[in-house]
Amino acid sequence: GKMAAPMSGGPPALEPGAAPYGNFPNYSRFHPPEVRVSLLPGGLLQSLFPAAARPLLGLDVGCNSGELSVALYRHLLGLQESKGCLDQPAAGKDLNLLCCDIDPVLIERAQQCSPFPASISFANLDIMDSSAREPILRSYLGRFGRSTFDIGFCMSVTMWIHLNHGDSGLMEFLSFLSSLCKYLLIEPQPWKCYRAAARRLRKLGRNDFDHFRSFAINGDMVERITQILMKDCAMELVCCFGSTSWDRSLLLFKSNGSNHECRESSEQEQ
């Protein structure tokens, strides 16, 4: 089923358990963006795409209120924190980002606070709703005459897809991202985070996640997601950049190209 938009009739409290899709209102306070980006080497884009046409296109799925998206953008382009709109036209020639999140309130905040409105776009989107995502993604890519993104970012999102859509939803999500992105930087949540999310929900007196008790995909989630991407999604593991202080690994995968050929041929048929 589709991931519903945040329920207007749900609890308005800003408690972590009241964010069943991971749409925490103050997420960056608990997991600072700087910790993640510090794991990534300088010059990463140049090493991955030495001869690719610019601008490169990136997709950030589950961007929350955009702090990590902006931090990634700055780091990948080597921009200083003190600089803002002054360098955005030049930056946009090298990299453009489309960032999406299921929560319209978080997206509105991201749009209002972005220092790079010309080259970082924020969209309210349930990535699991195929009827909603296709026109938005196709329209964005079409502006650049492209059918795929150069790099995708999936930072602590897989657990929320998994909890709300089950094993099949996680598989479909990873398959979709791998077909859409040449490279994928992914940060899976470990299994202990699943248990913590379920525990927070129970403390608020809410029903457990529908699929939590029936997962066949469980345990070492870095290993399981790596297996899915390599065996089922035609990707190869390029590098593990290490782990954050809160025990989340940052993994970079590369598509072998067959998924993109399938996607492009299906689009041509349409």
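Tutor: What follows goes through the sheet, then its helices, then some single residues in the loops and strands.

Keep in mind that this is a predicted model. The sheet is open and has 7 strands. Their order is β3-β2-β1-β4-β5-β7-β6, and the pairing is mixed. β3 (120–124) and β6 (235–243) stand at the edges. Each has a single partner strand, so one side of each is left without a neighbour in the sheet. On average, neighbouring strands of this sheet are turned by 20° against each other, direction ignored.

β2 covers residues 95–101 and pairs with β3 in the parallel sense, over 5 bridges. In this pair, leucine 97 stands opposite isoleucine 120 of β3. Helix α6 (residues 104–113) packs on the sheet here, touching β2 and β3. The direction of α6 makes about 160° with that of β3. In general, strands of a sheet pair through backbone hydrogen bonds, either parallel or antiparallel.

Now take helix α7, residues 130–143. After α7 comes glycine 145, with a positive phi near 65°.

Proline 55 lies in the loop between α3 (44–48) and β1. A cis peptide bond joins arginine 54 to proline 55, with omega about 5°. On the β4 side, serine 156 sits in the loop between β4 and α8. Its phi is positive, about 55°, although serine 156 is not a glycine. Serine 156 has a relative accessible area of 7%, so it is buried.

Aspartate 247 is in the loop between β6 and β7 (249–255). Phi of aspartate 247 is also positive, near 65°, and this residue is not a glycine either. Is aspartate 247 buried, partly exposed or exposed? Its relative accessible area is 41%, so aspartate 247 is partly exposed.

Next, the cysteines. Cysteine 154 has 0% relative accessibility, so it counts as buried. Where is the closest cysteine sulfur to that of cysteine 154? It belongs to cysteine 181, 9.5 Å away, which is too far for a bond. A disulfide would need the two sulfur atoms within 2.5 Å. The count of disulfides comes to 0. Cysteine 233, at 1% relative accessibility, counts as buried too.

Asparagine 218 is in the loop between α9 (191–203) and α10 (221–232). With a relative accessible area of 31%, asparagine 218 is partly exposed. Leaving aside neighbours within four places in sequence, asparagine 218 is in contact with Trp191 and Arg224. Asparagine 218 and tryptophan 191 are 27 residues apart in sequence, but 6.9 Å apart in space, C-alpha to C-alpha.

Note on methods:
Residues are numbered from 1 along each chain as its sequence is written. This is a predicted model: local features need pLDDT of at least 70, side-chain atom pairs count only at pLDDT 80 or more; totals for chains, interfaces and linings use all residues. Side-chain values use heavy atoms; hydrogens and water are left out. Two strands pair if DSSP finds at least two bridges between them. Helices (H or I, at least four residues) and strands (E, at least two) are DSSP runs, numbered from the N terminus. Axes are lines fitted to C-alpha atoms, for helices over the stretch in contact, and angles run from 0 to 180 degrees between N-to-C directions. Contact means heavy atoms within 4.5 Å. The expected span of a helix is 1.5 Å times one less than its number of residues. Buried means under 20% relative accessible area, exposed over 50%, partly exposed in between (1.4 Å probe, protein chains only).
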